[in-house]
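Please read this briefing alongside the sequence and the coordinates shown next.

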Amino acid sequence: MSRQTDIALTLFRKPKGILTKTLSLLPTGELHKDSSECAMSAGDFVTLSIPHVRDLVGILTNIKNSQCLAYGVCRAQQEGKIVSSEKVKPGDITRTKDTFIYRPGQPAIVMLDYDGPPGRPILTRDGWLALLYEACPGLAAVARIWRPSTTSYIYDKTGRELRGLTGQRLYFAVAEGADIPRFGEVLFKRLWLKGHGHIEISQAGSLLLRAPIDAAVFSPERLDFVSGSVCKDGLSQGDLNPVYMDGEEML
């Protein structure tokens with residue numbers, strides 16, 4: 001499908017602190033992941049515009065660890081400050097579904113997120129993509145970007161790999177951004193119908209439906225933490241470079 005207009009998305013910035021995970025070593029030598037800084041209740045935002053999904057590669061590659069992305073846009077303005085819901089006053093902007101939307105009739109980016117189920121082997125890139133293409137054949141023909149999750153490929157100071165591929169993302173553009181929540185719900189159900197769903201038990205004893213995509217990432221205000229991890233205690237991180245696969249301009 002031909003592009004009707006540029007694709008809009010939002011860049012968020014946290015003035016103090018980081019918007020990514022921190023990895024360190026416990027006294028036992030085990031790897032410890034700290035996600036406590038992955039919160040964005042106050043800061044700045046700006047609407048970005050890209051002509052094609054391939055232009056997202058440069059953003060993913062160069063983003064700072066104090067920044068993150070969302071694939072909806074603010075309904076009221078192109079840039080400004082975000083305040084927390086506890087401090088909101090008339091005219092202020094919070095990061096909620098009331099203030100961030102997918103604009104009807106406008107294209108937008110879809111992000112698919114996969115994290116391996118606890119205690120099970122993680123899918124390879126080709127294995128994950130094959131499941132997605134089986135459930136939605138159009139994904140095999142659209143221009144798309146694959147990238148490892150931001151805690152992947154962690155090494156100790158000797159160069160020994162402590163963690164390989166931990167999860168994956170796939171990005172592509174759709175012509176109708178407002179349809180993204182419905183698309184995500186349908187794709188999740190199709191994966192289940194293809195036999196790729198499973199159930200996990202929460203700490204409270206609830207049954208949680210799971211599939212090879214995260215069903216909670218399709219809201220326009222949802223944050224995508226895309227910078228690499230902050231590594232401490234001599235740890236380092238390997239290649240997280242996005243892989244662009246050419247195809248039709250958008251789904």
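Two strands count as paired if DSSP finds at least two bridges between them, and strands (E, at least two residues) and helices (H or I, at least four) are DSSP runs numbered from the N terminus. This is a predicted model, in which local features need pLDDT of at least 70 and side-chain atom pairs count only at pLDDT 80 or more, while totals for chains, interfaces and linings use all residues. Residues are numbered from 1 along each chain as its sequence is written, and side-chain values use heavy atoms, with hydrogens and water left out.

**Pairing around β4**
- Strand β4 (residues 43-50) runs antiparallel to β1 (residues 7-13), to which seven bridges join it, and Val46 in β4 is the bridge partner of Leu11.
- Four bridges join β4 to β7, again in an antiparallel arrangement, and here Asp44 has Lys81 of β7 as its bridge partner.

**The four-stranded sheet**
- An open, antiparallel sheet is formed by four strands in the order β9-β13-β10-β18.
- Because β9 (108-115) and β18 (243-245) stand at the edges with a single partner strand each, one side of each is left without a neighbour in the sheet.
- Eight bridges pair β9 with β13 (residues 167-174) in the antiparallel sense, and Leu112 stands opposite Leu170 in β13.

**Helices on the sheet**
- Helix α2 (residues 125-135) lies across β9, β10 (144-148), β13 and β18, running at about 40 degrees to β13, where angles run from 0 to 180 degrees between N-to-C directions and axes are lines fitted to C-alpha atoms, for helices over the stretch in contact.
- Helix α3 (residues 180-193) also packs on the sheet, touching β9 and β13, and its direction makes about 30 degrees with that of β9; contact means heavy atoms within 4.5 Å.
- The two helices α2 and α3 pack at an angle of about 105 degrees, with their axes 9 Å apart.
- That makes α2 roughly perpendicular to α3, a term that covers angles of 65 to 115 degrees.
- Leu131, Leu132 and Ala135 of α2 make this contact with Leu187, Arg190 and Leu191 of α3.

**The setting of Thr99**
- Thr99 lies in the loop between β7 (79-82) and β8 (100-101), and with a relative accessible area of 15% Thr99 is buried, meaning under 20% relative accessible area with a 1.4 Å probe and protein chains only.
- The side chain of Thr99 reaches the backbone oxygen of Thr94 at 2.2 Å.
- Leaving aside residues up to four places away in sequence, Thr99 touches Val73, Cys74, Arg75, Ile93 and Thr94.

How values were computed. Buried < 20%, exposed > 50% of the residue type's maximum accessible area, 1.4 Å probe, protein only. Polar contact = N/O pair within 3.5 Å; in protein donor to acceptor, adjacent residues only side chain to side chain. Parallel < 35°, antiparallel > 145°, perpendicular 65-115°, else oblique.
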